[in-house]
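User: I would like to go through this model by question and answer. Please keep to what can be computed from the atoms.

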Amino acid sequence: MLDTTQTLLTERTMSKDIKISAKGVDVFYGDTHAIKNVDLEIENKAVTAFIGPSGCGKSTFLRCINRMNDTIDICRVTGDILLEGQDIYAKSVDPVQLRARVGMVFQKPNPFPKSIYDNVAYGPTIHGLAKNKAELDEIVEQSLRRAAIWDEVKDRLHQPGTGLSGGQQQRLCIGRAIATAPEVLLMDEPCSALDPIATAQVEELIDDLRQNYTVVIVTHSMQQAARVSQKTAFFHLGNVVEYGDTNKIFTNPEDSRTESYITGRIG
Amino acid sequence: MLTLTFFAILALALAFFVIGRSRAVAVVHGDVRLLHSRPNFHGILALLLSAICGIAVLLLLGTMGAVWIETHLLSAILSAQPDMSPIEAELVLSDARALASGGIASKSDPLRLEIAQQVARLGALHHWGTVIVSLVATLVAGLWALGKISSDWRARNRSETIIRRILMLTAAIAVLTTVGIVLSLIFETINFFNNIDWQVHKFLFGTTWSPLSGVQAGKLDPDKVGAVPLFAGTLMITVIAMLVAVPVGLFSAVYLSDFASPRVRAWAKPMLELLAGIPTVVYGFFAAITLAPFIRNSGEAIGLTIASESALAAGIVMGIMIIPFISSLSDDVINAVPQSLRDGSYGLGATKAETIRQVVLPAALPGIVSAVLLGVSRAVGETMIVVMAAGQGANLTANPLEAVTTVTVQIVMLITGDTEASTAAGPAFTLGFTLFCVTLLMNIAAQRVVRKYRELYD
Ligand SMILES: Nc1ncnc2c1ncn2[C@@H]1O[C@H](COP(=O)(O)OP(=O)(O)OP(=O)(O)O)[C@@H](O)[C@H]1O
Ligand SMILES: [Mg+2]
């Protein structure tokens with residue numbers, strides 16, 4: 001019985017192509033063991049949700065995927081994370097290039113102290129994505145449109161991005177991340193500062209992004225995870241307790257801890 | 001004795017604090033929740049009231065009493081000998097004081113002896129009166145405060161009001177001192193301009209500075225008080241100093257905050273700050289004895305004749321002196337730029353250099369601007385290095401290899417020179433006032449800039 005589920009699972013994962021695959025990943029902050037031997041395969045052009053109680057390591061694992069943990073001195077990552085089969089922690093990999101391919105939206109909106117336009121143009125400019133001003137304008141407009149904020153800011157593009165409301169800032173940050181045209185977009189609770197309307201817009205955007213990008217999203221909202229994701233990983237105390245199709249996790253979880261979390265009994 | 005009284009008042013006040021506190025507890029039989037103010041506030045109120053009353057009486061009686069005694073004695077002398085001039089009367093009084101304290105007087109006639117007796121009597125009276133009355137005032141105020149203690153006595157509000165007043169008073173002292181200094185500068189400046197018959201343009205735009213060479217009967221020669229060379233010298237040295245200090249200071253701040261490992265940072269930052277602790281005299285003789293000859297020798301090696309005192313040497317050393325100000329302050333503001341901004345930039349695939357140049361530095365700009373301005377005002381006000389390394393001759397030149405002088409150096413020369421103080425003070429105060437105006441304008445301009453950026457980025 002167990003064997004057949006195993007083969008079924010393997011077949012299913014084999015049938016889709018895998019964008020990111022983590023094998024035996026451990027993360028330490030000094031002596032804190034934040035991620036414990038995690039194996040995870042993230043599908044290409046799909047939305048994967050990370051759920052789990054606060055402090056269980058969702059953000060930490062997310063940050064491993066584009067090596068943002070490099071900026072934390074005390075953080076140590078072991079194990080392998082492969083992006084399209086290539087080990088991103090290999091010596092030959094430049095984290096700067098990696099992060100251009102794997103973009104990130106943070107939990108707290110962090111617009112740069114620049115104009116709205118310059119915020120979005122920042123990534124495309126440093127990566128030379130636009131040949132001229134007209135192209136750059138186009139990228140900025142498209143990104144802001146996709147981030148569902150264009151209408152609100154089109155008349156004030158040259159005012160500071162820090163002058164926007166929290167929710168607008170977050171959508172600006174999403175637009176900024178899309179403008180760099182990454183292959184993978186990591187989003188750490190992108191909607192925690194948004195009202196329901198903006199949240200719905202961002203969720204629509206995430207659904208839309210799935211056509212071209214691989215999206216990994218951390219969320220505390222079960223409904224959101226159920227709505228936007230195809231795959232869900234449940235983190236608990238640094239372990240991935242359960243990982244599989246979102247439908248399956250939310251309707252028929254295998255692990256009792258998953259069940260109690262999604263029904264609201266732990267976390 | 002009066003000092004002793006002062007401490008006695010403080011001790012009494014402390015005692016009132018302790019008594020007040022326990023009394024407050026006692027009136028509600030230990031249930032402090034019934035009190036409007038916590039026991040400590042009752043104690044503090046008793047302490048403040050008794051100390052303030054005591055010290056105020058002590059100061060008032062101490063000073064006013066002395067003044068009253070003086071006028072009383074002088075009038076006593078004059079009524080005994082009506083034809084005496086006031087100055088003679090004062091002489092008699094000071095002789096009498098000397099006699100009273102067993103010193104040597106110029107003469108000892110019956111009048112002096114009589115006054116000396118009065119001095120001794122009144123002095124003792126005044127002394128003991130002050131001591132006793134101020135102690136009594138302390139006691140009365142403290143006992144009054146103790147008597148007021150009850151469950152709904154608003155000791156907290158009252159003591160907070162008193163403390164607020166005290167804070168206001170100290171703030172007022174700081175402000176009034178500043179106002180006083182500025183006013184005295186203004187008066188001396190007006191005197192000086194009077195002295196040169198209000199030919200203000202000669203001071204502001206004249207190019208010859210030699211104010212003491214043309215003095216005739218206390219009158220200055222308006223053609224020799226042109227301050228342009230001094231301000232030009234100040235400007236040149238400041239510019240050279242900032243050319244050294246800003247790049248080095250800013251880059252070292254960037255290195256320390258974003259590139260250095262914690263270990264390097266741990267020793268490099270204190271080392272840099274150590275530079276700020278070196279007295280400027282030391283910088284001065286370093287400039288004069290080491291750097292200036294070095295510059296002259298290297299100039300000679302390529303066929304340039306360079307004065308042994310040069311603006312360049314002074315400016316460079318002054319720049320070195322200012323580095324720690326700029327680097328330390330900039331380091332603080334760069335560190336204050338939230339990590340989340342850096343993360344946002346890294347997350348978009350920016351390199352460290354791009355992040356610093358395009359995100360961190362713009363965000364830190366207001367702080368960096370004020371750091372640089374602090375550096376500029378240090379440079380403008382610095383004297384010691386210039387005295388030793390840049391020379392004293394008021395030379396109007398654009399060549400940094402020649403000797404120049406600065407405003408502050410000339411002020412020193414005027415005040416420490418052997419010309420009569422009343423003549424030298426005019427030009428010195430006027431220079432000081434002009435310098436004050438220049439730095440004030442600079443600060444205002446800088447604050448405008450900073451505010452504009454704040455609005456943009458906060
Ligand atoms: N910079 C850091 N330094 C030290 N410990 C850290 C750091 N960041 C995270 N940790 C620790 O790692 C563990 C996992 O943290 P993480 O931020 O990944 O949790 P999370 O699942 O994202 O929680 P939340 O849902 O509240 O965002 C926590 O125990 C946390 O205390
Ligand atoms: Mg988190």
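User: How far is a nitrogen atom of ligand 1 from an N or O atom in the side chain of A:Y29?

Analyst: This is a predicted model, and the distance is computed from it. A polar contact needs a pair of N or O atoms within 3.5 Å. The pair formed by the ligand 1 nitrogen and the side chain of A:Y29 is separated by 3.4 Å.

User: Which helix gives the largest share of the shell around ligand 1?

Analyst: The shell holds 14 residues, and A:S54, A:K58, A:S59, A:T60 and A:H220 are the closest. By class there are 5 nonpolar, 7 polar and 2 charged residues. The largest share, 3 residues, is supplied by residues 58–65 of chain A, helix α2.

User: How far apart are the C-alpha centres of domain 1 and domain 2 of chain B?

Analyst: In the domain assignment of chain B, domain 1 covers 2–182 and domain 2 covers 222–457. Their C-alpha centres are separated by 48 Å.

User: Which residues lie closest to the centre of the second largest pocket?

Analyst: This pocket has a volume of about 510 Å³. It is lined by 21 residues, drawn from chains that include A and B. Closest to the centre are A:T71, A:D73, B:D258, B:Y346 and B:K352.

User: Which helix supplies the largest share of the lining of the second largest pocket?

Analyst: By class the lining has 8 nonpolar, 6 polar and 7 charged residues. At least two residues each come from α3 (95–101) of chain A and from α7 (228–259), α8 (262–277) and α11 (339–347) of chain B. The largest share is 4 residues, and the helix that supplies them is α7(B).

Notes
Residues numbered from 1 in each chain as written. Chains lettered and ligands numbered in written order. Predicted model: local features only at pLDDT ≥ 70, side-chain atom pairs only at ≥ 80, totals over all residues. Heavy atoms only, no water. Near = heavy atom within 4 Å. Polar contact = N/O pair within 3.5 Å; in protein donor to acceptor, adjacent residues only side chain to side chain. Nonpolar A, V, L, I, M, F, W, Y, C, P; charged D, E, K, R; others polar. Domains from an automatic or database assignment. 1 Å grid on protein atoms, 1.4 Å probe; cavity = no way out; pocket = protein on both sides within 12 Å on 5 of 7 lines; lining within 4 Å. Points joined across faces, edges and corners; volume = space filled by probe spheres on them.
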